[in-house]
Amino acid sequence: MFGEVLLHCVSTESEIQQNSEQLEGHVCLLQALRVVQRLTRDKCSPLFSMIDSLWPPPVDPKSHDDLLQSPSDRVPPPCFCYRLSVQLGHMVPLSGQTESPLYRPPVLQTLREILQDESSRCHCSFRATVVHKELLSSNAGEREMLLFVTDPSLQREPNTDGNRRTVAVCLSPSCLIQSSVTQALDALQTQPVLMFRDAVKENAQIFCWEQTVIQLEPEDSSFSIPRPIILDHLGPETLTYSLCTVTGVVVAVDESTAFSWPTCSSCESCRLETREHQKGFLCLECGAVMDEPTTKMELEVFLSCSSLSHCTVKIKLQQKTITSLLNSTSCTEGYSVENVLGSEIGPLSVFVHVVNRSHTVWMGLEECDLH
Ligand SMILES: [Zn+2]
């Protein structure tokens, strides 16, 4: 039988760390425990993918003899699991006990090995470099985080068809993220290396749930990936929520999304005011005075890409690309949206946020900065 234990009154990250180090892999005594819930496969599938990865046990749980059963007389994996609740201090490792023979430490795989696993759902643990982060808002208003990760196995392989260069890791709102990981993700220029334990791969994406542990890894030269990071090329088979490179010719401009606004040239705030009886603008945010504010622009264009003959590709451009696009086409009467038609842009790094294949293929992209 399997049980999931909720340790109550563990409040700080150091307590979590300390308890996991003391308890993991050890035979423990549990006192005053309460059964909170009976979990089944359909109610809690990520938990059961973890249980399946531990099944069958390496030794007989009672006698600790090696289990040398033939596959035919194996007991099927359990179909339920109890969720137990224990107060902190009421779960203690038995003294004098070494690591339990039932304990199975996580087996680290490369991302390539994980992607090559053909089962529709598999349990996995891995190390990976985070190259990009996107926040998604789900229906319930909770924020899901999408991390694009890669590792040497995906970056160093020669380019063969179907070789993926990055993988999307989706962090559910229930996934506990340590503050050291949050800080590293907020300063993404450094592209942190993270360890993911007990995640689930499903349909070419990896999911992190409340059972997943994510830790910041120390720098390690043997895990370095060549720069610049290689991305997949946008193609007809590209999936929603992937990271790609794209090159194309601007064939149309979405006029409804094209707009520009003045911002402060020192702090980029848009809270500007014209000064009374004087020239120039005053920034209400930082107090800077400037003759001319900096103009920010937003622009979405449709691209024609040679690799995607019958697809509609729309991309939201970043400021630096808009500026260089307009500068390269500026004419005497100033900037005009029509002048960008026919310009080639790219290769750009893009986040593919929607792919619609209902009639023809329609792809919505957003340019992103990979530093
Ligand atoms: Zn300002």
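This note goes through the zinc site, the domain layout and the aromatic contacts of a predicted model.

1. Residues are numbered from 1 along each chain as its sequence is written. Because the model is predicted, local features need pLDDT of at least 70 and side-chain atom pairs count only at pLDDT 80 or more, while totals for chains, interfaces and linings use all residues, and side-chain values rest on heavy atoms, with hydrogens and water left out.

2. The zinc ion is coordinated at 2.3 Å by the SG atoms of Cys264, Cys267, Cys283 and Cys286 (donors being N, O and S atoms within 2.8 Å of the metal, or 3.2 Å for Na, K and Ca). The angles among the 4 donor atoms run from 108 to 111°, and the site is tetrahedral (four donors with all angles between 85 and 135 degrees).

3. The donor residues of the zinc ion follow the spacing C-x2-C-x15-C-x2-C. Cys264 lies in the loop between β14 (259-263) and β15 (272-274) and Cys283 in strand β16 (residues 281-283), so the pair ties together parts that are 19 residues apart in sequence (strands being DSSP E runs of at least two residues, numbered from the N terminus). Both Cys264 and Cys283 are buried (under 20% relative accessible area, with a 1.4 Å probe and protein chains only).

4. The protein chain is divided into domain 1 (3-93), domain 2 (111-226), domain 3 (231-258 + 299-371) and domain 4 (262-295), with bounds from an automatic or database domain assignment. The C-alpha centres of domain 1 and domain 3 lie 49 Å apart.

5. The structure holds 7 aromatic pairs (rings of Phe, Tyr and Trp, the last by its six-membered ring, with centres within 6.5 Å), and ring pairs link Phe148, Tyr241 and Phe351 into a cluster.

Definitions and conventions
Tetrahedral: all angles 85-135°; square planar, octahedral: opposite > 155°, others 65-115°. Helix = DSSP H or I, 4+ residues; strand = E, 2+ residues; numbered from the N terminus. Buried < 20%, exposed > 50% of the residue type's maximum accessible area, 1.4 Å probe, protein only. Phe/Tyr/Trp six-rings, centres within 6.5 Å; stacked < 30°, edge-to-face > 60°.
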